[in-house]
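Hi there,

Here is the structure I promised to pass on to you. Please open it alongside this email, and then read on for what turned up.

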Amino acid sequence: MKIMVITSSPNRDGLTAACGNAARTGIEAAGAEAVIVDLNKMNIGSCHACNSGWGPCLDNHNCQIEDDFQGLHINMTGVDGFVFVSPVYWGDISESARVYFDRLRCEAWKKDSSLADKPFIAVAAAGGSGNGVASTLTNVERLLIHLKADRFDFIGITKKNRVYKLNTIEEASKAMVEYIKGK
């Protein structure tokens with residue numbers, strides 16, 4: 001079993017990275033393989049809204065932009081669940097996460113979406129003031145609904161609650177693996 005952990009912060013030693021590490025620890029403790037994806041290390045360009053808003057993504061579900069998204073998109077089909085971690089930027093997900101989700105819009109129209117019914121844990125990591133966690137998680141939930149994903153858990157973490165929330169992420173990741181095994 002494979003679980004993809006997707007992080008989206010340029011700070012390799014910050015709260016978002018710690019959350020990704022906690023998820024990996026939980027996944028591996030439950031006996032699954034953690035596939036780590038750092039969106040900030042990838043070359044993923046923004047959606048071009050081809051042909052009046054829809055290019056080949058509408059009909060053949062393939063983006064015509066050639067970059068790292070294609071390989072990531074293909075690899076997503078081979079995993080059983082996801083942990084998505086984003087820093088909170090002005091009450092929303094990071095820029096790299098926004099570009100990633102924008103490019104996934106083709107999945108919303110597929111009958112056999114590679115994300116449909118796969119469980120997701122969404123984590124919003126607010127390293128500064130701690131504000132914006134709720135709005136970030138609400139925005140991610142909206143995206144996951146469009147993608148037909150199984151929304152397993154939503155976790156907000158700040159500098160103030162870091163110690164016990166990192167444990168929560170680890171435990172939630174373990175629980176998600178067990179949930180998938182029981183399906």
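In this predicted model, serine 9 sits in the loop that runs between strand E1 (2-7) and helix H1 (15-29). Is serine 9 buried or exposed? Its relative accessibility is 9%, and buried means under 20%, so serine 9 counts as buried. The side chain of serine 9 reaches the backbone nitrogen of asparagine 11 at 3.1 Å. Leaving aside residues up to four places away in sequence, serine 9 touches Thr16, Asp38, Asn40, Pro87 and Tyr89.

Asp38 turns up again in the largest pocket. That pocket has a volume of about 210 Å³. Its lining has 13 residues, and Thr7, Ala17, Asn21, Ile36 and Asp38 are the ones nearest the centre. At least two lining residues come from each of E1, H1 and strand E2 (33-38), and H1 gives the most, with 5 residues. Sorted by class, the lining has 3 nonpolar, 6 polar and 4 charged residues.

Now for the nonpolar cores. The largest has 30 residues, and among these Tyr100 and Phe101 touch the most other members. Elements giving two or more residues to this core include E1, strand E3 (81-87) and helix H6 (133-146), and the largest share, 5 residues, comes from H6. Not counting residues up to four places away in sequence, phenylalanine 101 touches Phe84, Ile93, Leu143, Leu144 and Leu147. There is also a second, separate core of 24 residues, including Ala22, Ala30, Met176 and Ile180.

Happy exploring!

Definitions and conventions. Residues are numbered from 1 along each chain as its sequence is written. This is a predicted model: local features need pLDDT of at least 70, side-chain atom pairs count only at pLDDT 80 or more; totals for chains, interfaces and linings use all residues. Side-chain values use heavy atoms; hydrogens and water are left out. Helices (H or I, at least four residues) and strands (E, at least two) are DSSP runs, numbered from the N terminus. Buried means under 20% relative accessible area, exposed over 50%, partly exposed in between (1.4 Å probe, protein chains only). A polar contact is a pair of N or O atoms within 3.5 Å; within protein, one must be able to donate a hydrogen and the other to accept it, and residues adjacent in sequence count only if both atoms are side-chain atoms. Contact means heavy atoms within 4.5 Å. A nonpolar core is a set of buried Ala, Val, Leu, Ile, Met, Phe, Trp, Tyr and Cys residues joined through side-chain atoms within 4.5 Å. On a 1 Å grid over the protein atoms alone, a cavity is a set of points where a 1.4 Å probe fits but cannot get out, and a pocket is an open set with protein on both sides within 12 Å along at least five of seven lines; lining residues have an atom within 4 Å of a point. Grid points are joined across faces, edges and corners, and a volume is the space filled by probe spheres set on the points. Ala, Val, Leu, Ile, Met, Phe, Trp, Tyr, Cys and Pro count as nonpolar, Asp, Glu, Lys and Arg as charged, and the others, Gly among them, as polar.
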